[in-house]
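Dear colleague,

I am passing on the structure we talked about, and it is shown just below. Please have it open while you read the notes that follow it.

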Amino acid sequence: MAEIEGKVAHLPANPKRGRPGRVKGTRELIVRPNYIVIFAETLETITVLRVLHAARQWP
């Protein structure tokens, strides 16, 4: 959990980190090979939508 929080904490400084998401308007940050953070960004905020285990189907 601390590793996920640590990587998410860097998103405000670098919101383009990660790959474009599979759902329009989202981005995906790989935390480990098994965990993906799905997030959306606007000019003012970054919203974490989901922390997903890679074995789960998304979207």
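Predicted model: local features only at pLDDT ≥ 70, side-chain atom pairs only at ≥ 80, totals over all residues.

Residues are numbered from 1 along each chain as its sequence is written, and side-chain values use heavy atoms, with hydrogens and water left out.

The sheet is open and has four strands in the order E1-E2-E3-E4, paired in antiparallel fashion. Strands E1 (19-20) and E4 are at the edges with a single partner strand each, so one side of each has no neighbour in the sheet. Helices (H or I, at least four residues) and strands (E, at least two) are DSSP runs numbered from the N terminus, and two strands pair if DSSP finds at least two bridges between them. Strand E2 (residues 27-32) is joined to strand E3 (residues 35-41) by five bridges, and the two form a hairpin with two residues between them. Within this pairing, Glu28 stands opposite Ile38, and Ile30 has Ile36 as its bridge partner. Helix H1 (residues 2-9) packs on the sheet and touches E2, E3 and E4, with its direction at about 140° to that of E2; axes here are lines fitted to C-alpha atoms, for helices over the stretch in contact, and angles run from 0 to 180 degrees between N-to-C directions.

On its other pairing, E3 is joined to E4 by seven bridges, and these two strands form a hairpin with four residues between them. Five of the seven residues of E3 are buried, so this strand is largely enclosed by the rest of the structure; buried means under 20% relative accessible area, exposed over 50%, and partly exposed in between, with a 1.4 Å probe and protein chains only. Val37, found in E3, is buried with a relative accessible area of 0%, and its bridge partner in E4 is Val51. Leaving aside neighbours within four places in sequence, Val37 is in contact (heavy atoms within 4.5 Å) with residues including Ile4, Val8, Leu29 and Val48.

The structure holds four salt bridges, each defined as a side-chain nitrogen of Lys or Arg within 4 Å of a carboxyl oxygen of Asp or Glu. One of them joins the side chains of Glu3 and Arg32 (2.6 Å, N to O); Glu3 lies in helix H1 and Arg32 in strand E2, so the pair ties together parts that are 29 residues apart in sequence. Another joins Glu41 and Lys16 (3.3 Å, N to O). Arg19 and Glu28 also meet in a salt bridge (2.8 Å, N to O), and Arg19, Arg22 and Glu28 are linked in a network.

Finally, Tyr35, Val48 and Val51 make a nonpolar surface patch of about 230 Å². Patches are made of residues with over 30% relative accessible area and no salt bridge, like charges being joined within 9 Å and nonpolar side chains (Val, Leu, Ile, Met, Phe, Trp, Tyr) within 5 Å, and accessible areas come from the Shrake-Rupley method with a 1.4 Å probe, where for residues only the protein chains shown count as cover. Val48 is found in strand E4 (residues 46-53) and counts as partly exposed at 38% relative accessibility.

With best wishes
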